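Hello,

Here is the structure I promised to pass on. My notes follow below it, with the cut-offs included.

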Amino acid sequence: MQKHPEFAEHAEVTPAARIATASHGWRAKCLQRLIRLDLPVPRTVALPFAAVRAIAAGHRPDAAAILAAFGPGPLVSIRPSPENPDWGGPGTMLNIGLNDERHRQLAETHGQAAADALYLRFVQAYAIHVARLDPDMFDGTEPSAEALRAALRAYEQETDEPFPQDPALQLTQALRSMARAWEGTTARLLRQAKGAPADAGLGLIVQAMALGMGLGVSGSGVIQFVDPVTGTRQITGRYLSQSLGRDALDKGPDTLYLTRDPRGPSLEEHAPGLFADLLRYGAACRSRLREEMQIEFTIENGALSVLDAVRVPRSSRAGLKVAVALAEDGVIGRDEAVLRVEPRALSELLHPQVDPRGGRDVLVTGIAASPGAAVGRITFSSAGAQASAARGEPCILVRRETAPEDIRGMHAAAGVLTERGGMTSHAAVIARGLGLPCVVGAAGLRFDPRDRCLIAHDGRKFREGDIITLDGTAGAVLAGEAAMLAPALDGDFRKLLSWADEFRDIGVRANADTPADAETARDFSAEGIGLCRTEHMFFETDRLIVMREMIFAGSATDRAAALDRLLPMQRADFIHLFDIMAGRPVCIRLFDPPLHEFLPHTREGLRELAEALDRPLSEITRRAEALAEFNPMLGMRGVRLGVVLPEIYEMQARAIFEATIAVGRRGVIVVPEIMIPLVSAVREVELIKTRIDSIAAQVRTKRGADFAYRLGVMVETPRAALRAGDIAQHVAFLSFGTNDLTQMTYGLSRDDAGRFMSAYVSQGVFPEDPFHMLDVDGVGELLLIGAERGRGARPDLTLSICGEHGGNPESIAFCRRAGFDYVSCSPYRVPLARLAAAHLALRDRLGDTAKETS
């Protein structure tokens with residue numbers, strides 16, 4: 001290797017040294033901060049990124065100069081220091097400088113056994129990680145004098161030269177090995193997968209060894225001051241005694257508790273002064289570094305050394321609790337506390353989770369379609385799920401794939417597992433709306449409908465009634481009952497979101513179809529309901545038969561008679577919703593799905609319907625066949641039903657207005673928002689508006705009460721977006737339904753896209769699944785066109801989105817830039833959306849501040 005004179009090879013880490021995260025890495029900067037806090041950090045030298053790159057390219061570091069900083073006969077370690085701790089790096093190398101002479105000295109001061117163990121571990125590590133010898137020749141050997149001699153012989157036999165005795169040579173070779181490991185193709189791909197740039201640099205830290213071995217109180221440990229899973233303030237960690245004398249510590253077990261514990265001796269009891277020092281150092285790190293830190297330390301003959309301090313690894317629930325505690329103690333501001341919690345991390349807090357500290361017997365992995373976890377008995381039908389719920393037994397509904405008729409079974413189940421499907425399949429979308437854990441696309445778990453069992457890839461069979469655990473957060477199915485963590489919807493959770501609300505500048509509503517959904521939305525502080533899909537109300541058993549009577553009615557009069565039976569049910573639904581939302585806005589979408597969805601799909605079901613309606617099976621079959629469509633999602637649905645069968649929308653409008661009057665008389669003032677679905681022509685809006693206005697006039701006259709309402713359109717077709725200027729002249733709001741708008745823009749069924757979407761994304765046809773992540777280039781342009789033309793025709797027009805994308809941080813960012821008034825998402829995504837909106841507003845504010853400063 002050549003000597004490279006052009007860069008600063010190394011610098012001792014002192015309070016005044018020019019050390020920066022961008023040039024020396026996070027660990028070097030952290031150690032400098034610890035030194036500034038007067039913590040007893042062993043002498044440390046930092047090599048910057050440029051030096052490490054030069055070493056990897058073949059330039060020789062000045063190892064002798066580095067070692068000179070540590071005095072005569074040094075023992076040092078090398079640790080990685082990338083810019084971001086999440087990017088990893090090569091493993092730590094310990095005890096560089098150990099050779100035959102130093103081994104003899106250690107035997108005199110620490111005893112032969114300790115010296116042999118240290119030297120053996122160093123020879124093994126050097127042989128495997130620096131000389132790149134076969135690990136099988138060196139791993140797994142118990143320390144002893146003979147094992148040490150064998151390792152030294154093996155090294156010489158494999159390399160044809162004795163184990164290096166020159167500390168400078170050892171350090172040079174170790175630095176080169178670590179530098180080249182970082183530059184390797186595998187390491188580069190791994191860190192890029194973690195978000196590191198291709199040219200990410202590595203710094204290296206050379207630090208004096210603090211052995212943690214001696215005749216007095218000696219050992220090594222790690223101490224944390226918060227629980228990494230729950231975030232509660234408590235001391236956790238470990239301490240390993242390595243005292244070589246016969247003091248009190250040496251009489252107990254090697255691994256001790258940190259705090260007083262009835263199960264055994266502790267560091268606090270045997271070295272209270274040192275334990276108090278650790279507490280003091282932890283408090284200093286928390287207040288000055290503004291973070292909960294994990295301190296790695298050693299004690300040698302009663303002298304404490306702090307080797308490193310890193311941010312405590314933590315779960316999402318622990319991260320939120322720590323952020324709130326730091327803000328309440330004045331260590332950080334509320335804005336920083338909000339920014340420290342990632343919006344998507346809230347999913348872990350909203351639902352039960354599998355306890356990471358427990359065992360996991362994974363049967364299969366699939367797509368994590370809806371977060372949370374549930375334990376339940378397997379059931380293969382919606383009827384079985386309902387029966388299980390009636391018995392008070394939680395169940396997991398297992399289907400090849402779900403369909404609209406499975407809605408009631410999904411409501412009854414604790415979780416949903418499907419063999420097929422993707423992130424936007426029916427099961428995934430409905431489960432996210434219900435807050436149910438859901439795993440889809442579990443192709444490795446074969447569903448045998450004849451034998452009514454699941455067969456895992458290892459051949460194990462699980463039958464109906466067997467218990468499994470569904471982990472929707474990780475996309476895994478576990479055998480048996482796993483240990484669980486309860487949701488963390490405590491005061492800290494609500495406090496952080498209330499702080500988020502102080503900063504966000506876009507509204508957040510919820511998509512809620514039932515009173516239970518509305519209660520969830522209210523509990524999560526949604527500002528109202530942005531989408532109530534009324535058709536979900538008709539799948540209840542008592543309403544389904546009336547819906548079918550209406551479908552089979554032979555005239556408008558007969559249809560109206562059937563709908564008159566549904567009117568009080570709908571009115572009661574809306575009264576309940578209005579009561580729950582207590583004056584917050586409620587946007588009700590008029591009936592949308594094709595009528596065939598309310599009919600049975602099997603011959604047995606058609607026969608039961610014929611019996612219920614007292615009609616011939618042939619008539620029922622003919623009517624069902626007549627309603628069948630080649631492409632029902634583009635057929636007789638949405639506003640087209642309202643134009644052709646106006647009785648349906650008239651009944652719904654009447655129910656809305658009568659409910660408005662009923663709650664108004666109790667003091668709940670509501671201005672309902674009525675939304676027309678699947679519009680493509682302005683004439684459709686004119687026809688429906690005329691009829692709704694007429695119904696409003698009739699209700700006002702009949703009930704002797706006045707009320708206000710707002711009429712709007714759900715923009716789901718490209719033509720509606722393009723003609724938004726014409727449509728806006730007749731409505732008060734436009735809400736973009738990005739689910740159908742994406743389908744129609746792409747000409748792509750979201751229920752079928754999962755079969756090939758992964759191939760499209762992996763080959764770069766689509767950057768992301770457009771049903772999961774809003775396509776800002778195509779669908780987004782239609783939103784911008786619709787917003788601009790709509791506001792051009794009516795400046796006070798309210799704009800929103802209410803599709804599946806409404807809870808995505810990326811979609812919220814798009815809507816903020818486009819000047820939308822609010823987003824609407826499923827109830828369980830409301831907290832995520834509130835926090836994401838606050839993040840966007842705060843980052844804009846920070847960006848403006850930076851511009852003003854510059």
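How many aromatic pairs does the structure hold? There are 16 aromatic pairs in it, where rings of Phe, Tyr and Trp (its six-membered ring) pair if their centres lie within 6.5 Å, and planes under 30 degrees apart count as stacked, over 60 as edge-to-face and the rest as tilted. One of them joins Phe122 and Phe163 edge-to-face, at 5.7 Å centre to centre and 90 degrees between the planes. This pair links distant parts of the chain, 41 residues apart: Phe122 is in helix H6 (residues 112-130), while Phe163 is in the loop between helix H7 (145-159) and helix H8 (167-183). Helices (H or I, at least four residues) and strands (E, at least two) are DSSP runs, numbered from the N terminus.

Please keep in mind that this is a predicted model, where local features need pLDDT of at least 70, side-chain atom pairs count only at pLDDT 80 or more, and totals for chains, interfaces and linings use all residues. Residues are numbered from 1 along each chain as its sequence is written, and side-chain values use heavy atoms, with hydrogens and water left out. The mean pLDDT (the predictor's confidence in each residue, from 0 to 100) is 89, and 97% of the residues reach 70 or more. Residues 1-7 stay under 50, and the model has 18 contacts for them beyond four places in sequence; contact means heavy atoms within 4.5 Å. Residues 246-253 are also below 50, with 13 contacts beyond near neighbours in sequence.

Now for the helix packing. Axes are lines fitted to C-alpha atoms, for helices over the stretch in contact, and angles run from 0 to 180 degrees between N-to-C directions.

The axes of H23 (residues 603-613) and H24 (residues 617-627) come within 9 Å and cross at roughly 120 degrees, which makes H23 oblique to H24 (under 35 degrees is roughly parallel, over 145 roughly antiparallel, 65 to 115 roughly perpendicular and the rest oblique). Residues in this contact include Leu606 and Leu609 of H23, and Ile620 and Ala624 of H24.

H8 and H9 (residues 185-193) have axes that come within 5 Å and cross at roughly 60 degrees, so H8 is oblique to H9. Ala181, Trp182 and Glu183 of H8 meet Thr185, Ala187, Arg188 and Arg191 of H9.

H22 (residues 556-581) packs with H26 (residues 646-664) at about 35 degrees, their axes 7 Å apart. Among the residues that meet are Phe574 and Phe578 in H22, and Met651 and Ile656 in H26.

Best wishes
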